[in-house]
Amino acid sequence: MFQLRTYTLRSPEALRRYATVHWARHLATFEAFGVTTHGVWTESGGDANRLVALIGYPPDADPDQLTRRIMASPEFAADMAGFDVGDIVDVRTTPLDPTAFSPIR
């Protein structure tokens, strides 16, 4: 199963810091828990301060349960060290199922 995660940050500076430092650290943490990061983008144009990530969960994983486990881990705490989580003003998750012809499965 895939999930599109959209994070809205308080400011352009918070987005820059979150994307280049803290979310970048998540790559190794997620991999350690079997979660694959397929891409991470920042939204361009407009006033939006958003980071969008496409991640894939292991087969038969419960995404909510696994996410809670990751977020409670010391690895995740280290990823977020030095970042004010209050700068994340919204997180939206969209579950995605690939079509039969999707190049990412």
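Author: Helices here are DSSP runs of H or I with at least four residues, and strands are DSSP runs of E with at least two, both numbered from the N terminus. This is a predicted model, in which local features need pLDDT of at least 70 and side-chain atom pairs count only at pLDDT 80 or more, while totals for chains, interfaces and linings use all residues. Residues are numbered from 1 along each chain as its sequence is written, and side-chain values use heavy atoms, with hydrogens and water left out.

Reader: What makes Asp60 a loop residue?

Author: Asp60 lies between β3 (50-56) and α2 (63-71), in the loop that joins them.

Reader: Why is Asp60 called exposed?

Author: Exposed means over 50% relative accessible area, buried under 20%, and partly exposed in between (1.4 Å probe, protein chains only); Asp60 has a relative accessible area of 84%, and is therefore exposed.

Reader: Why is β3 described as largely enclosed?

Author: Six of the seven residues of β3 are buried, so the rest of the structure largely encloses this strand.

Reader: How do you know that β3 pairs with β1 and with β2?

Author: Two strands pair if DSSP finds at least two bridges between them. Strand β1 (residues 2-9) and β3 are antiparallel over seven bridges, with Arg5 bridged to Ala53 in β3, and six bridges join β2 (residues 36-42) to β3, also in the antiparallel sense, with Thr36 bridged to Gly56 in β3.
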